[in-house]
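Have the structure open in a viewer with selection by chain and residue number. The stops below go from one selection to the next.

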Amino acid sequence: MGYLYDSLLAAIKLIVGFDKDVLITVWTSLYTSTVAILLASLLGIPVGLWLGISKFRGRRALVTLLNTLMALPTVVVGLLLFGVLSRQGPLGGWGLLFTPAAMILGQMVLATPIVANYVHAAVIGADRRILPTLRSLGATSWQASLQLLRDIRFGVMAAVIAGFGRVIAEVGIAMMLGGNIRGTTRTMTTAIALETSKGEFAFGLSLGLVLMAVALLVNLGLNFLQQR
Amino acid sequence: MKRSTILMSLLIFLLFCSSASAFDHLRLATTTSTENSGLLTILLPPFEQHNNCKVDVIAVGTGKAIKLGETGDVDVILVHARGKEDRFVAEGFGVDRRDIMYNDFVIIGPTDDPAGIKGQKDAAAAMAHIAAAGFTFVSRGDDSGTHTREKELWAAAGVAPAGNWYLEAGRGMGEVIVMAGERQGYTLTDRGTYLAFKEKTPLRIAVQGDTRLYNPYGAIMVNPQRHPHVKADLGRKLLDYLTSQSARVLISGFRHGSEQLFYVED
């Protein structure tokens with residue numbers, strides 16, 4: 001019991017004490033995850049809409065593929081991009097490995113299928129008559145899609161929140177592509193892994209509690225946006 | 001409309017943040033034992049201030065650190081596996097190897113010492129004894145410097161470790177000490193990590209002092225002729241600094257509690 005109590009106490013100290021190292025890791029986690037989820041949304045929302053609206057041969061196969069990609073292990077994404085971004089890899093000249101940009105790229109790959117799947121499900125669940133009705137009223141297909149998006153906005157928000165939760169909580173990609181560099185690519189999750197390997201279990205757990213507090217704040221913010 | 005404005009300005013702001021970086025960065029791949037001990041957080045800042053740069057430390061096992069050097073993804077490596085280091089230089093991947101410091105390995109085990117190896121001076125014989133009696137031994141199993149040394153000791157003992165007493169964890173030193181403690185087994189660890197875990201593990205030192213447990217660390221610069229993007233000037237300065245008198249004072253003055261973790265050659 002002492003262990004859990006110590007962690008809770010340490011977490012509160014970290015939050016109210018504004019420890020500089022902890023603040024930097026919180027910031028790194030937040031901004032890489034945020035950029036990653038925004039990019040993933042830019043890709044995933046159109047893909048989800050398109051899969052939900054259009055009818056073509058092979059659509060089911062594509063949806064199944066997308067569903068399967070939701071099960072992508074983070075280390076596999078890490079390994080894949082490691083090979084691509086390493087100096088020996090095809091994009092090695094960019095020198096992106098062990099930078100925040102590499103983590104963002106990996107997390108984007110991780111989150112895009114999640115966003116696309118959720119949006120696809122929301123489109124399928126929406127009223128099937130919306131699009132024909134809008135078109136008959138003279139809307140272009142672009143305007144009709146925008147209106148549909150407005151109708152399923154709660155589903156889209158759920159997609160973004162699910163994707164964000166996945167990327168801010170993942171450790172494999174951040175560790176492999178970021179390298180857990182202090183002050184640069186150390187995120188909350190890689191910091192927890194590091195503290196665990198040092199045997200600082202209580203401190204690691206307290207960082208976990210800080211992570212949950214940050215996630216709560218982000219979700220409160222999204223909730224606020226949603227209600228406006 | 002307003003919401004998308006908020007989101008877009010957030011995105012632009014974040015992209016700005018990620019591109020801002022005024023310092024020159026030098027990448028150092030090193031072992032988890034060096035990083036976890038906390039040595040680098042006191043050793044590197046004077047160098048960073050003097051050269052107005054930042055050393056990005058990537059802490060992995062020795063095997064992976066050497067791989068990162070081979071592919072040119074880092075500028076300098078600081079590792080502990082002499083045989084592999086010499087091969088790294090001989091094959092043209094690295095240049096200018098320097099001896100930096102040393103510490104030693106110890107074999108730790110349960111306090112009641114079921115294998116009866118406590119005080120044994122011959123590390124290989126002690127390990128042969130563990131194997132013969134089938135007491136649990138937890139191996140790093142991750143191609144790290146410690147794992148390399150362990151395999152050398154098994155070879156010296158004439159044992160091919162296999163069986164349900166031999167657990168290959170594939171994890172870092174700290175995790176392996178915890179695992180060995182839970183399973184009441186033996187393991188080989190560097191002294192620094194053991195001291196950091198002394199409070200948290202029921203295991204105690206059984207064997208120490210064998211010359212084969214000596215653990216030297218070397219720093220090598222990645223060959224700039226092979227990888228032109230390597231920061232050779234800054235890398236050379238780091239090697240010079242690590243072998244300088246001021247760094248030697250910092251290394252030998254570094255303590256965990258009252259115990260010295262790293263030593264420099266006289």
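This tour of a predicted model visits a chain contact, a helix and a pair of domains.

**Stop 1: the contact of chains A and B.** Select both chains. Their contact takes 22 residues from chain A and 24 residues from chain B. On the chain A side, pick out α2 (20–53) and α5 (100–125), each of which supplies at least two of the residues that touch chain B. The most comes from α2(A), with 4 residues. Coloured by class, this side of chain A shows 9 nonpolar, 9 polar and 4 charged residues.

**Stop 2: helix α8 of chain B.** Select residues 173–182 of chain B. The buried residues here are B:Met173, B:Gly174, B:Val176, B:Ile177, B:Val178 and B:Ala180. What covers them? From chain B, the cover includes α2 (32–37), β5 (137–139), α7 (145–157), β7 (186–190) and α9 (191–197). Chain A also takes part, through α10 (188–197). Just after the helix, go to B:Gln184, where phi is positive at about 50°.

**Stop 3: the two domains of chain B.** Colour 24–103 + 215–260 as domain 1 and 104–213 as domain 2. Taken over C-alpha atoms, the centres of these domains of chain B are 26 Å apart.

Note on methods:
Residues numbered from 1 in each chain as written. Chains lettered and ligands numbered in written order. Predicted model: local features only at pLDDT ≥ 70, side-chain atom pairs only at ≥ 80, totals over all residues. Contact = placed C-beta atoms within 7 Å. Nonpolar A, V, L, I, M, F, W, Y, C, P; charged D, E, K, R; others polar. Buried ≥ 20, exposed ≤ 12 C-beta atoms within 10 Å, placed from the backbone. Domains from an automatic or database assignment.
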